[in-house]
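Work through the exercises below with the sequence and the 3D structure in view. Each task is followed by a solution in steps.

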Amino acid sequence: MPAMLALLHDEKPTAVRRCLAALHEVVLYRPELCEAIESEVKTIDLSKYRDSMSPLIKKDMDELLRMME
């Protein structure tokens, strides 16, 4: 899990998006990890990604956070 959460801060935006997508499954089957996932997702720095990718990552983040509500 720590390695997966570290991927949320990868330099490559596609890696971040894939990780966010994979975390959907984790949230479904391991709800006890939601708190750790949520706190890590909220620390993603969107400013380091291109303007074309940051809105997509933000959308993925919001979708995952909504799932955990």
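**Exercise 1. Find which residues serine 54 is in contact with, leaving aside its neighbours within four places in sequence.**

Solution. Step 1: serine 54 is in contact with Leu46 and Tyr49, once neighbours within four places in sequence are left aside. Contact here means heavy atoms within 4.5 Å.

Step 1: serine 54 is found in helix 4. Helices (H or I, at least four residues) and strands (E, at least two) are DSSP runs, numbered from the N terminus.

Step 2: serine 54 has a relative accessible area of 14%, and it is called buried because buried means under 20% relative accessible area, exposed over 50%, and partly exposed in between (1.4 Å probe, protein chains only).

A note on the model: it is predicted, so local features need pLDDT of at least 70 and side-chain atom pairs count only at pLDDT 80 or more, while totals for chains, interfaces and linings use all residues. Residues are numbered from 1 along each chain as its sequence is written, and side-chain values use heavy atoms, with hydrogens and water left out.

**Exercise 2. Describe the elements and the overall dimensions of the chain.**

Solution. Step 1: there are four helices and zero strands. Read from the N terminus on, the order is α-α-α-α.

Step 1: the C-alpha trace spans about 35 × 25 × 15 Å along its principal axes.

Step 2: for 69 residues, a compact globule would have a radius of gyration near 11 Å, and the chain, at 11 Å, agrees with this. The radius is taken over C-alpha atoms, and the globule rule is 2.2 Å times the number of residues to the power 0.38.

Step 3: of the 69 residues, 33% count as buried. Among contacts between residues at least 6 apart in sequence, 64% join residues at least 24 apart.

Step 4: the chain exposes about 4600 Å², of which carbon and sulfur atoms supply 54%. Such areas come from the Shrake-Rupley method with a 1.4 Å probe; for residues, only the protein chains shown count as cover.

**Exercise 3. Examine helix 2: what are its buried residues, and what covers them?**

Solution. Step 1: helix 2 has 17 residues and reaches 25 Å from its first C-alpha to its last, close to the expected 24 Å. The expected span is 1.5 Å times one less than the number of residues.

Step 1: its buried residues are Ala15, Val16, Cys19, Leu20, Leu23, His24, Val26 and Val27. Their cover includes helix 1, helix 3 and helix 4.

Step 2: an α-helix has 3.6 residues a turn, so residues three or four places apart point the same way.

Step 3: histidine 24 counts as buried at 16% relative accessibility. Leaving aside neighbours within four places in sequence, histidine 24 is in contact with Glu63, Leu64 and Met67.

Step 4: also in helix 2 is alanine 21, which is partly exposed with a relative accessible area of 46%. Alanine 21 and methionine 67 lie 46 residues apart in sequence and 12 Å apart in space, C-alpha to C-alpha.

**Exercise 4. Is glutamate 32 buried or exposed?**

Solution. Step 1: glutamate 32 lies in the loop between helix 2 and helix 3.

Step 1: glutamate 32 has a relative accessible area of 51% and is exposed.
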